[in-house]
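Here is a brief report on one structure.

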Amino acid sequence: RAKTEGRGTLRFFEPGMDAQMLARRELELDLRRALVNREFELYYQPLVNIDSDAICGFEALIRWNHPTRGMVSPVEFISLAEEVGEIESIGAWVLKTACREAATWPEEIKVAVNLSPLQFRSGSLVLHVMSALSASRLKAERLELEITEGLLLQDTEATLATLHQLRDLGVRISMDDFGTGYSSLSYLRKFPFDKIKIDRSFVRDLAETDGCMAIVRAVMDLGYGLGMSTTAEGVETAEQLAHLKREGCVEAQGYLISPPRPASAVAEMLFTQLLSGKSVA
Ligand code: C2E
Ligand code: MG
Ligand code: MG
Ligand code: MG
């Protein structure tokens with residue numbers, strides 16, 4: 001609890017707080033200033049079509065250039081942003097920035113943006129998407145929104161209504177990290193996703209564990225049957241890619257192809273692809 005001191009200053013740190021709480025509190029205060037201080041940046045990781053080897057899009061992944069801690073991973077601050085009520089403004093910034101940057105890329109190249117379940121609760125997500133699209137003049141068809149299964153756990157009716165509104169705008173909706181949440185299959189029935197992204201935990205052991213292969217195969221069949229495209233996340237070896245290709249997976253993403261890189265590297269990634277003789281998309 002903050003306590004008022006003599007000179008009207010607020011004391012956030014009290015003797016009872018343990019080190020972990022203190023660190024968290026400090027990060028929270030830094031996070032509240034990060035947007036105005038322009039400390040966020042989007043990195044982009046290519047998604048390739050497995051058949052043609054060509055880049056078909058990039059996933060935008062937020063990075064925080066912290067003034068003293070250096071680069072902070074979203075794994076560390078997204079959940080904090082959700083807890084302290086910063087996710088809506090950060091999410092709006094991500095949408096706006098990703099659309100603006102993607103609008104400078106070739107027409108065939110899509111951009112994927114991750115959404116937090118909390119952005120759906122604010123009631124302004126559709127507006128934020130619309131204004132990001134109109135400010136950038138990016139075609140709605142080039143924007144893919146990635147959501148996780150956790151989203152569909154609560155508020156199902158309202159959430160589904162929002163998903164349908166987004167779909168009506170023309171944007172695509174992907175189910176991210178598929179297979180890591182609960183009752184995945186029933187969610188696929190509730191909403192017609194455009195794409196299923198198979199979580200990297202299944203891709204990792206693809207070559208070694210028979211079970212992983214069976215799961216990946218089942219998800220791909222499922223996607224095919226439901227008319228959804230499938231993307232494999234976290235592809236790190238040529239062997240994994242070969243397995244996925246053989247099983248008919250459409251897209252791949254992972255360190256084997258490229259790690260996420262700054263926006264300034266996108267042109268280079270596309271250019272390298274042109275030089276290697278691969279067509280775009
Ligand atoms: P995600 O959406 O599943 O993104 C994929 C994560 O896997 C990224 O981590 C990416 O760098 C990493 N990755 C890609 N290829 C490989 C690989 O071959 N091997 C391994 N081990 N990892 C790989 P990153 O950038 O640290 O992001 C972590 C998570 O943070 C994302 O998972 C997403 O859930 C969340 N996130 C990132 N950016 C945003 C954002 O702008 N908004 C929201 N709400 N969440 C975001
Ligand atoms: Mg994602
Ligand atoms: Mg993912
Ligand atoms: Mg993931």
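## The two magnesium ions

The magnesium ion (ligand 2) and the magnesium ion (ligand 3) lie 3.7 Å apart, and D176 coordinates both. N114 sits in strand β6 (residues 110-114) and D176 in strand β8 (residues 172-178), so this pair ties together parts that are 62 residues apart in sequence. Strands here are DSSP runs of E with at least two residues, helices are runs of H or I with at least four, and both are numbered from the N terminus.

This is a predicted model: local features need pLDDT of at least 70, side-chain atom pairs count only at pLDDT 80 or more, and totals for chains, interfaces and linings use all residues. Residues are numbered from 1 along each chain as its sequence is written, chains are lettered from A and ligands numbered from 1 in the order in which they are written, and side-chain values use heavy atoms, with hydrogens and water left out.

## Donors

Ligand 2 is held by E59 (OE), N114 (OD1), E146 (OE) and D176 (OD), at 2.0 to 2.2 Å. Their spacing in sequence is E-x54-N-x31-E-x29-D. Donors are N, O and S atoms within 2.8 Å of the metal (3.2 Å for Na, K and Ca); water is not among the atoms, so sites may look incomplete.

Ligand 3 is coordinated by D176 (OD), D177 (OD) and E233 (OE), at 1.6 to 2.3 Å. The spacing along the chain is D-D-x55-E. E233 lies in the loop between β10 (229-232) and α10 (238-247) and D176 in β8, so that pair ties together parts 57 residues apart in sequence.

D176 is buried, with a relative accessible area of 5%. E233 is buried at 10%. N114 counts as partly exposed, at 28%. Buried means under 20% relative accessible area, exposed over 50%, and partly exposed in between (1.4 Å probe, protein chains only).

## The largest pocket

The largest pocket has a volume of about 1,200 Å³. Its lining has 39 residues, of which L61, P74, N114, D176 and D177 lie nearest the centre. These 39 divide into 15 nonpolar, 13 polar and 11 charged. Elements that each supply at least two lining residues include β4 (55-66), α2 (74-83), α3 and β8.

A pocket is an open set of points on a 1 Å grid over the protein atoms alone, where a 1.4 Å probe fits, with protein on both sides within 12 Å along at least five of seven lines; lining residues have an atom within 4 Å of a point.

## Helix α3

Helix α3 (residues 87-102) has 16 residues and reaches 22 Å from first C-alpha to last, close to the 22 Å expected at 1.5 Å a residue. Of its 16 residues, 12 are buried, so α3 is largely enclosed by the rest of the structure. Among them are I90, W93, L95 and E101.

## Aromatic pairs

The whole structure holds seven aromatic pairs. The ring centres of F40 and W64 are 6.0 Å apart and the planes meet at 50°, so the pair is tilted. F40 is in strand β3 (residues 40-49) and W64 in strand β4, 24 residues apart. Both are buried. Ring pairs also link F40, W64, F77 and W93 into a cluster.

Rings of Phe, Tyr and Trp (its six-membered ring) pair if their centres lie within 6.5 Å; planes under 30 degrees apart count as stacked, over 60 as edge-to-face and the rest as tilted.

How values were computed. The expected span of a helix is 1.5 Å times one less than its number of residues. Grid points are joined across faces, edges and corners, and a volume is the space filled by probe spheres set on the points. Ala, Val, Leu, Ile, Met, Phe, Trp, Tyr, Cys and Pro count as nonpolar, Asp, Glu, Lys and Arg as charged, and the others, Gly among them, as polar.
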